[in-house]
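Here's a quick briefing to read with the model open beside you. Have a look at the fold first, then work through the points.

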Amino acid sequence: VLDVGGAVLMLFALQQAPLSVVQPIAGSGMAVLAVFSHAYLREELRRIEWLGVAVAALGTIGVGTIVTPTRDDDELRLRWAGLALLGIMIVMLAALELLVRAVHARGPVYDMAPRARALHELGTGVQGGLLFGLSAAASRTALVLSKQMTSPLCIPVGVGLSVLITAGGFFLQSRGLKDGRAVVVCTYAAISTIATGVLVGLIALSEPLPQTAPELLGWSLSLAAIVLGVILLVQRGVRSTGIPDAGVNKHAV
């Protein structure tokens with residue numbers, strides 16, 4: 001129920017605002033999760049974790065409040081550069097898949113050295129994030145095309161494609177969640193999702209950037225703050241799972 005509700009709210013947000021704005025704000029959800037865990041699950045947060053929450057929150061406020069030029073969906077144009085960007089992302093997915101398979105070929109992930117496990121977490125997290133970002137891009141593209149082509153059929157097709165891409169993202173990310181540190185994998189996924197959404201919005205959908213230099217600087221710093229806040233919150237997951245740096249067999253009794 002919560003997943004469906006979140007998807008509906010995400011679709012509504014994409015209908016009201018550019019992808020390059022919505023996706024970074026959605027990617028800061030780990031800060032909300034940390035506050036929820038502290039308030040309702042009574043989990044203790046250290047100072048660095050509270051700093052991560054505050055930095056991510058400031059970044060979210062900055063992205064949401066900095067003035068960007070308004071442009072109706074009818075004025076947006078799909079660029080051919082978007083196809084090149086899609087091709088690059090497909091190549092990245094394939095390269096990361098080769099990396100993950102190479103790590104798996106050495107044996108169980110939980111028995112490996114910290115470096116190999118870290119590569120596995122990186123590969124699966126970024127793979128999931130790429131697909132999550134492309135999922136939102138598919139919904140946003142469908143909304144734009146439905147207005148430009150005056151065809152309501154674009155929306156269900158785009159939403160259906162978005163659901164399939166999201167399912168693929170969950171499948172790829174779950175491999176990292178199974179044997180790696182969950183919050184580390186989710187952090188890679190969140191950063192990858194933010195980057196994908198911003199790049200697709202700006203390059204493929206021709207969404208405008210802030211026009212003045214101070215606004216552009218503030219927007220860039222806000223994006224960086226969201227990413228930094230998410231990274232700081234990784235410490236919470238590493239501490240709470242109690243997984244040491246060395247490989248540990250999770251299935252041992």
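This is a predicted model: local features need pLDDT of at least 70, side-chain atom pairs count only at pLDDT 80 or more; totals for chains, interfaces and linings use all residues.

Residues are numbered from 1 along each chain as its sequence is written, and side-chain values use heavy atoms, with hydrogens and water left out.

**Overall picture**

- The chain has 10 helices and zero strands, where helices (H or I, at least four residues) and strands (E, at least two) are DSSP runs numbered from the N terminus.
- Of its 253 residues, 43% count as buried; buried means under 20% relative accessible area, exposed means over 50%, and partly exposed is in between, with a 1.4 Å probe and protein chains only.
- Take the contacts (heavy atoms within 4.5 Å) between residues at least 6 apart in sequence: 82% of them join residues at least 24 apart.
- The accessible surface is about 13400 Å², and 70% of that belongs to carbon and sulfur atoms; areas come from the Shrake-Rupley method with a 1.4 Å probe, and for residues only the protein chains shown count as cover.

**Salt bridges**

- There are three salt bridges, going by a side-chain nitrogen of Lys or Arg within 4 Å of a carboxyl oxygen of Asp or Glu.
- Glu97 pairs with Arg101, with the closest N and O atoms 2.9 Å apart; both sit in helix α5, four residues apart, or about one turn of the helix.
- Glu97 counts as buried at 16% relative accessibility, whereas Arg101 is exposed at 56%.
- Glu97 also forms a salt bridge with Arg175 (2.9 Å, N to O). Arg175 is in helix α7 and Glu97 in helix α5, so this pair ties together parts that are 78 residues apart in sequence.
- Arg175 is buried too, with a relative accessible area of 19%.
- Glu207 and Arg140 make a salt bridge at 3.7 Å, N to O. This one links distant parts of the chain, with Glu207 in the loop between α8 (182-204) and α9, and Arg140 in helix α6 (residues 114-148), 67 residues away.
- Both Glu207 and Arg140 are buried.
- Through shared partners, salt bridges join Glu97, Arg101 and Arg175 into one network.

- Ser162 lies in helix α7 (residues 154-179) and is buried, at 9% relative accessible area.
- Setting aside neighbours within four places in sequence, Ser162 is in contact with Ser135, Ala136, Ala138 and Ser139.
- Thr166 is in helix α7 as well, and its side chain reaches the backbone oxygen of Ser162 at 2.9 Å.
- The Thr166 side chain also makes a polar contact with the side chain of Ser135 at 2.6 Å. For a polar contact, a pair of N or O atoms must be within 3.5 Å; within protein, one must be able to donate a hydrogen and the other to accept it, and residues adjacent in sequence count only if both atoms are side-chain atoms.
- Thr166 and Phe132 are 34 residues apart in sequence, yet 5.5 Å apart C-alpha to C-alpha.

**Helix α9**

- At 1.5 Å a residue, the 20 residues of helix α9 (residues 213-232) should span 28 Å, and the end C-alpha atoms are 28 Å apart, which agrees; the expected span is 1.5 Å times one less than the number of residues.
- The buried residues of α9 include Trp219, Leu223, Ile226 and Val230.
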